[in-house]
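Here is a short report on the structure shown below. Keep the model open while reading.

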Amino acid sequence: MFDVRTLLILIPALPLAACVITALLGPRVLRSQSHWPAIVAIFGSFVCSALLGLEIYHRQAEPTDGASARDTLGGVEVIPAPLWTWAAIEGAYPWTAPSNWHEGSSERDFRISVVLRADALTAMMLVMVTFVATLVAIYSAGYMHGDAGYWRFFTYVSLFVFSMTMLVSVSNFLLLYVFWEAVGVCSYLLIGFWYQKPEAAAAGKKAFLVNRVGDFGFALGLFLIWTTYGTLDFHDSLANGDTDPVRVAQAREELQTGKTPADPSQRLTPGVLGQTLLETQDAGGRQMRRDWETILTGGQGPDTRSYVGGGVGLAICLLLLVGACGKSAQFPLHVWLPDAMEGPTPVSALIHAATMVTAGVYMIARCIPLFDASPEAQAVVAAIGGLTALLAALIALTQYDLKRVLAYSTISQLGYMFLAMGTATATGVAAGMFHLFTHAFFKALLFLGAGSVMHAMGGVIDMRRFSGLRHIMPTTYATFLIGSLALAGMAPFSGFFSKDAVIAAVYDRTHDGAYAGLYSVLMYSALLTALLTAFYTFRAFFMTFHGPQQIPAEAGHHAHESPASMTGPLLTLAVLAAIIGGVLFVTGSFTHFLGHTPSLAYLSGIAGHESAGGHHADHTWIAVVSFFIALIGIGVAAFLYLGDQREVQAISKELQLRQSPRLRGVSPYQLSAHKFYFDEIYDFLIVRPMRLFAQGTYWIDRHLVDGLVNLVGRIPPALGSVMRSLQMGLVQFYALAMVLGALILLAVRLWAAGR
Amino acid sequence: MATAFLPVFLFVLAGLATSLGMLSMGWAFGPARKGRVKEMPYESGMDPIHDARRRFDVRFHLVAIAFVLFDVELLFLYPWAVANRHPEGIDAAVAKAGALNVDYSRMLVFGEVMVFLAILALGFVYVWRKGVFQWR
Amino acid sequence: MFSDTTTVWVLWPEIALAALAVWIYVGNALFRPKPNTQTRLGWTTFAAAAVAFAGFALYWHQGGAVWRQSLVLEGHGPLAIDYFAYAMRTVALLAGFLLVLQASRAGENELVSEYLGTLLLAIVGVMLTASANELIFLFLGLEMLSIPTYVLLFLGRRDGATAEATIKYFFLSVASSAMLLYGFGFLYGMAGSTSLTEIRAALETSSAADGGLMTMAPLALILVFAGLGFRIAAAPFHFYAPDVYQGATHANASLLSILPKIAGVVVFVRLVGVTMPALGDFAWQLAIVLSILTMTIGNVSALWQTNLRRLMAYSSIAHSGYMLIGLAVALAASPAEAATGGLSSVILYLFVYVFATLGAFAAFTYLGAKDREVNRIDELAGVAKTRPVAAAIIAVCMFSLSGIPPLAGFWGKLALFGNAIRLATNTESATLQWWFIVLAVVGVLNAAVAAAYYLRIVGVMYFRTADTALPSQGGWGAWSAAAAAAAMVLAVGVLPGRLFDNAQRAELAVKGIALPEGLSQADAPTSLAK
């Protein structure tokens, strides 16, 4: 139908073009029309993504024949679009081939090919990212109207969409890292967009620094992957970097039959997530995989897994997890996300709720075969996810800043996704991605709604200062209600289905296998979190839209419904937040579609399809329970926050432990309101010692090192001043110097020869 | 090794001796008249009334230079004219080139000389249009 | 020996360019002996078109054939028609095109046709030098470059400093040509032929049997170094450079730092690097000594400079020192060895240097005006605010010249130092190891020193505020030349692979080594239309 490779390249190329155009023309030509390139390009990008998704869906439905059949192995669709080779260092990886593979030992090149790659997971992320980004761009045209940095905003947004689409479509760990950093930079730029505000600048810096910690882990993980697997590519390629599916398939066949290609550059380099390592599909798959293992591990027998387990496997997974925790704001690196709300609200919706923060989840889903090899790593992922979900939900209970409530809820929902990834089962990962997908819509909706409120209230976001806005802003009210219901997990809104799927997937791990006890604890904690989620969501909702009408002074005369460019995206997202979960769940198409991703197909290949189909019936009770839990949460919120607030005062007073002043600091209420003192603890444990250390090293640098360096630095100028005196400007001297120079050289030659 | 370089040094020495000898002989035997005009740095009719580092008007020399240029033209044409009919001239060279399988012919030689003449003619046009031949 | 029709056929881009240059002189004299600004624009466009035409002619006519190395004359002609010559002719034309653009407002209106025509002839000189495989032809090529250069220097500006600079350059250039010719005389005397191929053969056969006339070879080498060292401004033949650059205009200074450099390096590669490796230890030791001397003098002297062109002159000297590293590598590696990377790193470095320098000079030209050039570094203060694009171009070029990744200069230095170290680690000989490790260490130290003065320029532009705004009337030609050069520097920095390949191909070609299988089949431009 369409050339998939062209589409795949167009998707990042369009926003990049928009970024360049806006950056060049924005300040002088476009000015207040700067949103057009971004909106048009991102929408075009969305259309391409949708076409790409459809194409991949069609190919799944009817495995194609001919040349593209070689792309398809066991129903798994991977479409590489090679662009160029970025770096190639020959023989960088000393690598001894197994005896039954090729003659003798060989080396592998360090080769970074810029290859985009389309599979179901990528397509899903692309559709989600570009769709939300389109709506956010349209919304921003209204929200940012009249801002001094209007063109700058759209430049950054386009750049972000470019980076994010690249992040999900690249086929290489190094490029993943590059765009991982690129989205981080965009996030930094946009958090600090109003850099005149000191809080915004500080928040940008905080986000950047905390992410550095995570990225450091990620980088170490990359190094370990390189030394372990000898490549950073996801995909199989030939040793000369060729990714042509036909030739790669040939090389795989040769490898399988034990033939040695005459040309070393035609040998296969199995990618970390390539077919060679993932091969588990058909009936003979198990056996075939053992054969591969034997080959790949140098004949250590069929017990060895194709993915490295043990200490090294655990280390790789944990380092990747550190990276994911930084980007996706998971405990203990979650502290930057609430502060990131200093950025413009559309940015919070796009980057810090729907897209960039899910990059960590995406990365784990992409690398899930690595995690599959290490049950300990799975348990850690699940534990961190569950703990973060609960912790963030507890903090969200007492916040008064509407955007911060949403930020903590984002952290909490990301925790759910991590929990789902931690199950490392095909259904679990699919459930996590499903939750990621639905969450993007309803959380973007909620943020944009909050932005709409903030817009009307003249920048005030403290919920104690406004209330009863439902009459002033009916559209925002209605759409925010839908978003809240979805977030609370109320049937039949989309959050219900996806959250239920996550909990069900965790439940599946509680019966047997490693760490079953841990998973049951996590399941109950997830249910508790669901209760808290419903409560704090509707607490915020009721405080904002119900009660007596109250408008802060800053709003002035602007306290009215937002313009159509803002309500339009709200309505679109509301419709999707309401129905998309149900539609996708009932048809089962999402799980089926995503199941064709190589990494996920690997998991279901291992599980042998045992859980396919039947699990909906098994988990009816979970659906029922979580439905009632949501209901209870909403009910409690309604009871406490609709009407008189006496009960709230009473409960918070009770929780403050006023009777025992010594414990007041650690009373449950204070713990929650002060975010469990994470910022303070980090300040005390890390920031202050580092500052002391820095002062010490500064002194050493200033007085010892600089002294030495300055001393050395005086030598070249001193030499130069000697040389300078020769440059006297007399042409006779210059000529003499030339002749004398030649004569001296000759004399030295004679002397050396005579010696 | 060192002996091999002996001729070189002799050459250098001879060169030095020649130049120094000429200078010293001139100094020793030349008539040394002094006077304002004789001590001027430039004896050819230009008054050294300004800084030496400037482009001076060469109108006086232009005709002389043009003459030298076109004189050189003649110098090149003489050997061509001689070689044209000489038994060891152009014909012999063409034959030798033919033996070496090199594409070389009388027409090429003729063409080369004509190109040379054309360049000189263009140079003539150039100096003419630039007004060199107008004596003020 | 014979300039047969093949010669004419191969050299026709040069011939066409020279004819067009002559037409610029004569045509202008015929139609409008006293040009004004409009005619100036017209002739500049004409000259740029002429260079572009020569470039396309070269590419379409010969690109494919030399790419596949199917058109290599067997050594006896006066021409070497190989990929190296082709690449260097291309570089000369590229640089020449930018030089023409840069000069769109330089000099005086009345003498514009003289300036442009002479510039074109200088480019022809470089191109002829690149093709020369024979001493006389080589010398003619060099003179074809030198003589127009004298005229160009005079035409730059009408004041005492320019006249002084030109006279200095003229006298010293003549002296250096004399030494070069003297060296050529020895070479001819030893080999009995002016063909480089035969000289190489004679040197190789005689190096086994020591004695006789061949003992003169080191003398010839020294004289050749003296003559060419002047062209590329290598110590101790560099003294003219600071004075002459300072006295010249920016446009002429850039010309001086580029065209003779290309020609000098080309001859160094072909005449020394390829023809004389048989000279043994002395050759590479001489190259190393001069390299160390040159780069150190260039860099430490540059630290003190306040005049922009003087600083660039020392920078030019220092870069010559770096390029000699590659020459030393090529000379030290045993002749039998195929591609040592020495020559290819010189070629790579030359390319990188040419465009970074050109970009900087063109930007300086743009920032000044005809009667008010940017002379002192301090005058650049605050340019980042008033002329951000020009400042960015200068910054890119300075970063590249100091070898900061990911710009082109980094790859140039990487190739040079990398090859020197590789040679040192791969050799058995302890002497060789010692020399090259010292060379690499001195080179790296020098690179660090060099960063100081390049970054000082960037610092002045970005961190100081302007006292007075610069006129910025150098014209769009200069601006676009600067931008194109900076774009080239950036492009090579990001994607150096193609340039590495081409440099390697050029090295193989100039050494007469058959291309490996993979290379020869690579995609070629169109083939020779003959």
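This is a predicted model. One helix pair joins two chains: H4 of chain B passes H2 of chain C in a left-handed crossing. From H4(B), the contact takes B:Ile119, B:Leu122, B:Val125, B:Tyr126 and B:Arg129. From H2(C), it takes C:Val22, C:Tyr25, C:Val26, C:Ala29 and C:Leu30. By class, the contact of H4(B) with H2(C) has nine nonpolar residues, one charged residue and no polar ones.

A second pair lies within chain C. Helix H14(C), residues 342–367, and helix H16(C), residues 388–402, have axes that come within 9 Å. The axes cross at roughly 150°, which makes H14(C) roughly antiparallel to H16(C). This crossing, too, is left-handed. H14(C) brings C:Val352, C:Ala356, C:Gly359, C:Ala360, C:Ala363, C:Tyr366 and C:Leu367. H16(C) meets them with C:Ala390, C:Ile393, C:Ile394, C:Cys397, C:Met398, C:Ser400 and C:Leu401. The residues of this contact divide into twelve nonpolar, two polar and no charged.

**Chains A and C**

Chain A has 30 helices and six strands. Chain C has 21 helices and zero strands. Of the 755 residues in chain A, 52% are buried. For chain C, buried residues make up 63% of 530. Now take contacts with a separation of 6 or more. In chain A, residues 24 or more positions apart account for 80% of them. In chain C, the share is 81%.

The two chains also touch. The contact involves 27 residues of chain C and 19 residues of chain A. Which helices of chain C each supply at least two residues of the side that touches chain A? They are H7 (160–191), H9 (217–232), H10 (240–247) and H12 (281–302). That side of chain C divides into 22 nonpolar, three polar and two charged residues.

**Cores**

The largest nonpolar core holds 226 residues. A:Val132, A:Ala444 and A:Ala577 touch the most other members. Helix H17 of chain A, residues 426–456, gives the most to this core, with 20 residues. What does A:Val132 touch, not counting residues up to four places away in sequence? Its partners are A:Leu350, A:Ala354, A:Thr355, A:Ala440 and A:Ala444.

Is C:Ile262 buried or exposed? C:Ile262 counts as buried because 27 C-beta neighbours lie inside 10 Å, and the cut-off for burial is 20 or more. Leaving out residues up to four places away in sequence, C:Ile262 touches C:Met88, C:Val91, C:Ala92, C:Ala95, C:Val126, C:Leu350 and C:Val354. C:Thr129 is 133 residues from C:Ile262 along the chain, yet their C-alpha atoms are separated by 9.3 Å.

**Backbone exceptions**

Most residues other than glycine have a negative phi, and most peptide bonds are trans.

| Site | Backbone feature | Value |
|---|---|---|
| C:Ala235 to C:Pro236 | cis peptide bond | omega near -5° |
| C:Pro405 to C:Pro406 | cis peptide bond | omega near 5° |
| A:Ala424 | positive phi, not a glycine | phi about 55° |
| C:Ala233 | positive phi, not a glycine | phi near 65° |

Where do these sites lie? C:Pro236 is in the loop between H9 and H10 of chain C. C:Ala233 has its place in the loop between H9 and H10 of chain C as well. C:Pro406 lies in the loop between H16 and helix H17 (408–426) of chain C. A:Ala424 lies in chain A, in the loop between helix H16 (402–423) and H17.

A:Ala424 is buried, with 27 other C-beta atoms within 10 Å. C:Ala233 is buried, with 29 other C-beta atoms within 10 Å.

Notes:
Residues are numbered from 1 along each chain as its sequence is written. Chains are lettered from A and ligands numbered from 1 in the order in which they are written. This is a predicted model: local features need pLDDT of at least 70, side-chain atom pairs count only at pLDDT 80 or more; totals for chains, interfaces and linings use all residues. A crossing is left-handed if the near helix is turned anticlockwise from the far one by less than a right angle, and right-handed if clockwise. Helices (H or I, at least four residues) and strands (E, at least two) are DSSP runs, numbered from the N terminus. Two residues are in contact if their C-beta atoms, placed from the backbone, lie within 7 Å. Ala, Val, Leu, Ile, Met, Phe, Trp, Tyr, Cys and Pro count as nonpolar, Asp, Glu, Lys and Arg as charged, and the others, Gly among them, as polar. Axes are lines fitted to C-alpha atoms, for helices over the stretch in contact, and angles run from 0 to 180 degrees between N-to-C directions. Angles under 35 degrees count as roughly parallel, over 145 as roughly antiparallel, 65 to 115 as roughly perpendicular and the rest as oblique. A nonpolar core is a set of buried Ala, Val, Leu, Ile, Met, Phe, Trp, Tyr and Cys residues joined through C-beta atoms within 7 Å. A residue is buried if 20 or more other C-beta atoms lie within 10 Å of its own, exposed if 12 or fewer, and partly exposed in between; C-beta atoms are placed from the backbone.
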